[in-house]
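Student: I have a structure open and would like to talk it through. Can we start with how the helices are described?

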Amino acid sequence: MTLQPSVREAMLAAVPSLRAFAISLSGNVDRADDLVQETLLRAMANINSFQPGTNMSAWLFTILRNLFRSEYRKRRREVEDADGSYAESLKSHPEQHSRVEFEEFRVALAKLPPDQREALLLVGASGFSYEEAAAICDCAVGTIKSRVNRARTRLSDLLSIDSADEFGPDHTTRAILTAGGRG
Amino acid sequence: MMQTDVQMRKSRGRLSRHVQNKLGETLHAMFDEIVKEGVPDRFSKLLEKINGGKAHGSHSDDTGDQFSKSGHLEASGNETEPVVPAKGSDRPFRKPEDDKGSR
């Protein structure tokens, strides 16, 4: 199998955000990387289904999302991994935000129903428009909007974001918020 | 000093812009941290390997083996709905450049 260089480059370029999506969706780095790998394999095997000139990233996100859903259905009875493996995997990185806050956020994220979580991640973090997210999730734009709204509301409840200067009980999230404002 | 909840929530079930921004910023910070890790070797090698075909021999089969060993996605092709969207499906995927400004 040979991929056109431009296609390969487009796939490679999408990998970092694809991983971020997969890790946030599954809450587990190893599982996420397996999902990304399977996504790339499926994409390459079905490259003829890709319409040149359309958004490669959105196409790959769609495949990954579908794989996650189908895997999720099989694993439904398993308890979600909330043992901190995600935080653990990032510990060696020099430029850190507060692990505690990311961990709190990740745990809260894992408590959302999958359809709300994926909608929030696509629109709120991956930079897709509501229309693109609706296409990726194969549902109506209004459905995505309502899922994103419900996800935000639930997260703010779980994280107790009620007052202007508070994000959780210890105020330590300010570091993240400041860092998040860059670029 | 403390603002009240009333100021933060416009009305029932609707979050203020402030709370939405906080959530958005945290999400972005979390994402950015992963994105900054770039492309792990595992994936660049995978794409390179495929590109070079199987002629390279020695490790051309890692991918499949590693995958079946992981056990996570062993039921490939057994999904109840298609994983890869069909060509010509009316999903309106635009080019990435089209929505750069909307972030």
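Tutor: First, a definition: a helix axis is a line fitted to C-alpha atoms over the stretch in contact, and angles between axes run from 0 to 180 degrees between N-to-C directions. Also keep in mind that this is a predicted model.

Student: OK, at what angle do the axes of H1 and H3 in chain A cross?

Tutor: Roughly 35°, and the axes of helix H1 (residues 5-26) of chain A and helix H3 (residues 56-74) of chain A come within 9 Å.

Student: Is that crossing of H1(A) and H3(A) left-handed or right-handed?

Tutor: The crossing is right-handed.

Student: Which residues meet there?

Tutor: From H1(A), they include Leu18(A), Phe21(A) and Leu25(A); from H3(A), Leu60(A), Phe61(A) and Leu64(A) are among them. By class, the contact has 12 nonpolar, three polar and no charged residues.

Student: Switching to chain B. What's in it?

Tutor: Chain B has four helices and two strands, in the order α-β-β-α-α-α along the sequence. Of its 103 residues, 21% count as buried.

Student: What is the mean pLDDT of chain B?

Tutor: It is 63, and 41% of the residues of chain B reach 70 or more.

Key. Residues numbered from 1 in each chain as written. Chains lettered and ligands numbered in written order. Predicted model: local features only at pLDDT ≥ 70, side-chain atom pairs only at ≥ 80, totals over all residues. pLDDT = per-residue confidence, 0-100. Buried ≥ 20, exposed ≤ 12 C-beta atoms within 10 Å, placed from the backbone. Left-handed = near helix turned anticlockwise from the far one by under 90°. Contact = placed C-beta atoms within 7 Å. Nonpolar A, V, L, I, M, F, W, Y, C, P; charged D, E, K, R; others polar.
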